[in-house]
Amino acid sequence: MSAGTPEAADIVYETDEPVLYEVRDGVAWVTMSRERYNNAQNSQMTYALDAAFRRAVDDPDVKAIVLGGAGKHFSAGHDIGTPGRDIARSFARAHLLPDHVGRPGAELLYTREQEVYLGMCRRWRDIPKPTIAMVQGACIAGGLMLAWVCDLIVASDDAFFQDPVSRMMGIPGVEYFAHGFELPPRVAKEFLLLGERMPAERAYGFGMVNKVVPRAELAQATAEMAAKLAAQASLGMWLTKQAIHQVEELRGKRSAMDAVFHMHHFAHAQNDLVTGNALGGVTGKSAAADNNKNAG
């Protein structure tokens, strides 16, 4: 493993319940619950999210799904520095992929991220029920992936979106690379090359966000949108989702994402060769400090 990668024995979870699940009026509310770490995504959380989505899909009384994050922020992205960072731990996999633990060199991250990032995100995007991301505060890097797999996004007026991994690590964006579809091309280049925060209002301006509301009204506005979905027939909504997804596939979304995923891992391998660390030496603390500094 690369320098800085924890051993399995070093993993300390702060909670046994990183994802909360509740059904109200035909809507499943799936809530990331690592508030202490701004909902940074470790594998424990990723597999708990997958289980929650599975539960919502299996429940015929659930017509729509809301994904949110507890606390001040939606998600700070992937866990690259908490005591619960668990990339050295094996989980029962959701896809027909081998265990990443023990794989040599670049194969470890390549195998793991096929499963927990690219594979999971595609799996969640294709959920046959409509999904809404309810976003407040920070939605950074891996957080973007979770918002972007949802069909609709409702954001608070203090929300911002950001992918700083190119600026910080020399890696061309996060693993589920939807930037070229979520953003106009020149805006996508600015978003990636500068790695700056994009306010919710700007994202709303070109359609990445469906609705922006004051923070105090976020939950109510999301509930009202979800209630409209819950009142509809499930099959029609599933077919509608597939219709738009098919248009995106015809535009090359999947093949473009596959190509960038491999660039992403070439950059990880280059970082490892040059610095001895697949993240280029970036840690959770250094990333937060850099981000705060560049936020002004």
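## Terms and model

Helices and strands are here DSSP runs, numbered from the N terminus, with at least four residues (H or I) for a helix and at least two (E) for a strand. The model described is a predicted one.

## Overall form

The protein chain contains 11 helices and 9 strands. Its radius of gyration is 18 Å, close to the 19 Å given by the globule rule for 296 residues, so the chain is as compact as a globular protein of that length. The C-alpha trace spans about 55 × 40 × 40 Å along its principal axes.

Of the 296 residues in the chain, 51% count as buried. Among contacts with a separation of 6 or more, 73% are between residues 24 or more positions apart. The chain exposes about 13500 Å², and 55% of this comes from carbon and sulfur atoms.

## The second largest pocket

The second largest pocket holds about 600 Å³ of space. Its lining is made up of 27 residues, and those nearest the centre of the pocket are Cys150, Asp151, Leu152, Ile244 and Glu248. By type, the lining divides into 15 nonpolar, 5 polar and 7 charged residues.

Several elements take part in this lining. At least two residues each come from α3 (142-148), β6 (152-156), α5 (179-182) and α9 (234-250). The largest share belongs to α9, which supplies 7 residues.

## Two residues with positive phi

Most residues other than glycine have a negative phi. Asn39 has a positive phi, near 60 degrees, and is not a glycine. Asn39 sits in the loop between β2 (27-32) and α1 (43-58). With a relative accessibility of 0%, Asn39 counts as buried, because the cut-off for that class is under 20%.

Ala141 is another residue other than glycine with a positive phi, in this case about 50 degrees. The loop that holds Ala141 runs between β5 (138-140) and α3, and α3 is one of the elements that supply at least two residues to the lining of the second largest pocket. The relative accessible area of Ala141 is 10%, so Ala141 is buried under the cut-off of 20%.

Note on methods:
Residues are numbered from 1 along each chain as its sequence is written. This is a predicted model: local features need pLDDT of at least 70, side-chain atom pairs count only at pLDDT 80 or more; totals for chains, interfaces and linings use all residues. Side-chain values use heavy atoms; hydrogens and water are left out. On a 1 Å grid over the protein atoms alone, a cavity is a set of points where a 1.4 Å probe fits but cannot get out, and a pocket is an open set with protein on both sides within 12 Å along at least five of seven lines; lining residues have an atom within 4 Å of a point. Grid points are joined across faces, edges and corners, and a volume is the space filled by probe spheres set on the points. Ala, Val, Leu, Ile, Met, Phe, Trp, Tyr, Cys and Pro count as nonpolar, Asp, Glu, Lys and Arg as charged, and the others, Gly among them, as polar. The radius of gyration is taken over C-alpha atoms; the globule rule is 2.2 Å times the number of residues to the power 0.38. Buried means under 20% relative accessible area, exposed over 50%, partly exposed in between (1.4 Å probe, protein chains only). Contact means heavy atoms within 4.5 Å. Accessible areas come from the Shrake-Rupley method with a 1.4 Å probe; for residues, only the protein chains shown count as cover.
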